[in-house]
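Me: I would like to learn how to read features off a model. Can we work through one together?

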Amino acid sequence: MSAGPGGFTYAASGVDIDAGERAVTLMRTAVERTRRPEVVGGLGGFAGLFALDTTRYRRPLLASSTDGVGTKIALARQLDRHDTVGIDLVAMVVDDLVACGAEPLFLQDYVACGKVVPERIAAIVTGIAAGCELAGASLVGGETAEHGDLMDADEYDLAATAVGVVEADGVLGPERVRDGDVVVAMASSGFHSNGYSLVRRVVSAAGLDLAATPAGLDRPLGDVLLEPTRIYALDCLALVDELGVDGVHAFAHITGGGLAGNTARVVPDGLEAVLDRGTWALPAAVSLLEEHGVPRAESERAFNCGVGMVAAVAAEAADRAVALLTARGVPAWVAGTVGAGGTGARLVGSHR
């Protein structure tokens, strides 16, 4: 194969350096809005620097989490809307961090794409920056990789790693959960970023129109399915600040595996969390998918079914926990209890 009169170029091979630099210019303002005072340097360095003030802590532990958005991106591509999946990305990692009581400090993202379209990359990263603001974390850097010989021009995928900090004696988890604890549920904002391979399969098989508003929904189906993931990090930290670790014992981020599967991860051996479906209504979008063939048992394994985070709290702290979360704009309620007589977590009753 001849290189031709102009020789081989990187752009002709599928990597446009100029487009990448323009994308950085477009996203710069949004990224700078996430800057915490501990951040050292600015966007464009080879590494992100963060000056952890160890004088604020007695025995700090660093916590880290890595995740992606999954096949929700396929819907964003189908609808050509790319400004919310970045929020989903941040939520997936910071809400895992806060489950152990860690405060998110900073995040780095990775965007792989078939072709760098500066405006699309900027929309994605602006969403990531918006999510970081909601979580109180700094976006200290990242990478955009153009893989023209591996991906189609409109394809992209996202991943991120976040780092947080928690006092060693403030780590939350199953070791703190006790017989008699109350499970406080926090409402999800939709499907969040889990179960979308099933969602898309049902939408396609049933011929559902993403631009239409099915009965029971208050807006087009595409809008419902792209609703960004609620970020609970600051709300959970506020709960711990208010009630302390004697009041808040554990958080469970409800992702793949559903409500029972994830709640079970914070229940110690010898105890069981019993969650009552009758304390909340099944979201209309989940009911829609069930009408088109998804069994309830599968919904409860693949989707959050309306609950995006739970807290195991001391019984005497439950009312205060619900009141604080509600005041912060997070719908919350007592969904169940922890007690002896079983293992893990299970759902009982029927939805309202």
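Reply: Strands (E, at least two residues) and helices (H or I, at least four) are DSSP runs, numbered from the N terminus. This is a predicted model, where local features need pLDDT of at least 70, side-chain atom pairs count only at pLDDT 80 or more, and totals for chains, interfaces and linings use all residues. Residues are numbered from 1 along each chain as its sequence is written, and side-chain values use heavy atoms, with hydrogens and water left out.

Me: Is serine 65 buried or exposed?

Reply: Buried means under 20% relative accessible area, exposed over 50%, partly exposed in between (1.4 Å probe, protein chains only). Serine 65 has 10% relative accessibility, so it counts as buried.

Me: Which residues does serine 65 touch?

Reply: Contact means heavy atoms within 4.5 Å. Leaving out residues up to four places away in sequence, serine 65 touches Met92, Val93, Asp96, Leu97, Ala160, Thr161 and Ala162.

Me: Now a helix. Which residues of H5 are buried?

Reply: In helix H5 (residues 196-206) they are Tyr196, Val199, Val202 and Val203. Look down the axis and take the directions from the axis to the C-beta atoms. The buried residues of H5 fall within an arc of 125°, so they line one face of the helix. On the other side of H5, Arg201, Ser204 and Ala205 are exposed.

Me: What do the buried residues of H5 pack against?

Reply: Their partners are helix H2 (72-79), helix H6 (221-226) and helix H9 (284-291). Just after H5, glycine 207 takes a positive phi of about 65°.

Me: How is a pocket found?

Reply: Rolling a probe the size of a water molecule over the atoms shows where empty space is left. Here the grid is 1 Å over the protein atoms alone, the probe is 1.4 Å, and a pocket is an open set of points with protein on both sides within 12 Å along at least five of seven lines. Lining residues have an atom within 4 Å of a point. A volume is the space filled by probe spheres set on the points, which are joined across faces, edges and corners. The second largest pocket has a volume of about 290 Å³.

Me: Which element gives the most to the lining of that second largest pocket?

Reply: H7 does, with four residues. Strand S6 (156-167) and helix H7 (233-247) are the elements that give two or more residues to this lining. Among the lining residues are Arg56, Tyr57, Glu167 and Asp241.
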